[in-house]
Amino acid sequence: MAFEPPQRLVRALAETAPDGDDWLERLPGLAQQAAARAGLTVERVQVPGGRSSLVVLVRTAQGTPAVLKLAPPRARPESERAALAHWGGRGAVQLLPGDTGEGALLLERLHPDVSVRSLPEARALLEAAGTLRRLWVAPPREHSFETVEERTGRQARAMRADAQADPELAPLVDAALAARQDLLAAPPEHLLLHGTFRQSKVLAGDRMPWLAVGPDPVVGEMAFDLARLVRDRVEDLIASPSGAAITRRRVKRLAESLEVDRERLRGWTLFRAVESGVRARRVGRPKDSELLLEFATWL
């Protein structure tokens, strides 16, 4: 069959690699090779799919429903493989045995159209937080996962450059960078984190009610991982006349329920919101940037 990449993936990869690369051109061949190598029967490409990978619904040689996921090297698929192997299905999608080759993962099939985001907000936050708690474990003794300090260091350098080019961004960027500096001085723990956790990354499963997918794993403190969850449904928060108050209550509720320091959660939420807002402006998504930067002012 033809492995046509969904337009959502094409647009997202254009943002992360504006100068282009040949991964998308090679993708149909890579998908065919991975499926053949693992003896998979292809059903269809998942649409709209993700923003960093091609997701193909397949069946194993034994007839088991599964997912073949292919991602470019810059999406760090081998890091995802290592994290999923370490979690062993505890709170996250299960990595299935099978030789798919480098850059391709064979995963248990969940229910892609049913995420925690489909639940009422209060319950969605509760279920998402419970899933995230199960992922916070000590990393392997010898690992090659990026640390929070390393990842945010790269991001901080890009933020400084953007603020120099656009002085309007400077106040928020300065506040975010100051928060990062304070937070890195004495991190309370070093755990394996999901890295890009949000409600839409928690899907319904058969083995467990809810399982996390799509990690970009990083090692650091819990508050960093939880920070992205604080701003979930940001468009609804901005539209609400009490959005700022709701955000503050959400920080308090999540910090208390997961025993995370509230000020550390607020600080990482500020940094991650500003970083995402500045990056959205950089790649030509002004509406997203405006929402995120306004949200950051509430923190």
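Colleague: What should I know before we start?

Modeller: The model is predicted, so local features need pLDDT of at least 70 and side-chain atom pairs count only at pLDDT 80 or more, while totals for chains, interfaces and linings use all residues. Residues are numbered from 1 along each chain as its sequence is written, and side-chain values use heavy atoms, with hydrogens and water left out.

Colleague: What makes β4 largely enclosed by the rest of the structure?

Modeller: Buried means under 20% relative accessible area, with exposed over 50% and partly exposed in between (1.4 Å probe, protein chains only). Five of the five residues of β4 (residues 104-108) are buried, so this strand is largely enclosed. For β3, five of the six residues are buried, so that strand is largely enclosed too. A strand here is a DSSP run of E, at least two residues, and a helix is a run of H or I, at least four, numbered from the N terminus.

Colleague: Why are β3 and β4 said to pair?

Modeller: Two strands pair if DSSP finds at least two bridges between them. β3 (residues 65-70) and β4 have five bridges, in the antiparallel sense, so they pass. Among the partners, L70 goes with A104 and K69 with L105.

Colleague: And how many bridges join β2 to β3?

Modeller: Six, with β2 (residues 54-59) running antiparallel to β3. R59 stands opposite P65. The two strands form a hairpin with five residues between them, and G63 in the turn has a positive phi of about 90°.

Colleague: Why is the group around L265, V274 and F295 called a nonpolar core?

Modeller: A nonpolar core is a set of buried Ala, Val, Leu, Ile, Met, Phe, Trp, Tyr and Cys residues joined through side-chain atoms within 4.5 Å. The largest such set has 74 residues, and L265, V274 and F295 have the most contacts inside it. Apart from that core lies another, of 18 residues, among them L9, W23, V45 and V56.

Colleague: What does L265 touch beyond its neighbours within four places in sequence?

Modeller: Contact means heavy atoms within 4.5 Å. The partners of L265 include A223, L226, V251 and V260.

Colleague: Which element gives the largest share of the lining of the second largest pocket?

Modeller: That's α2, with six residues.
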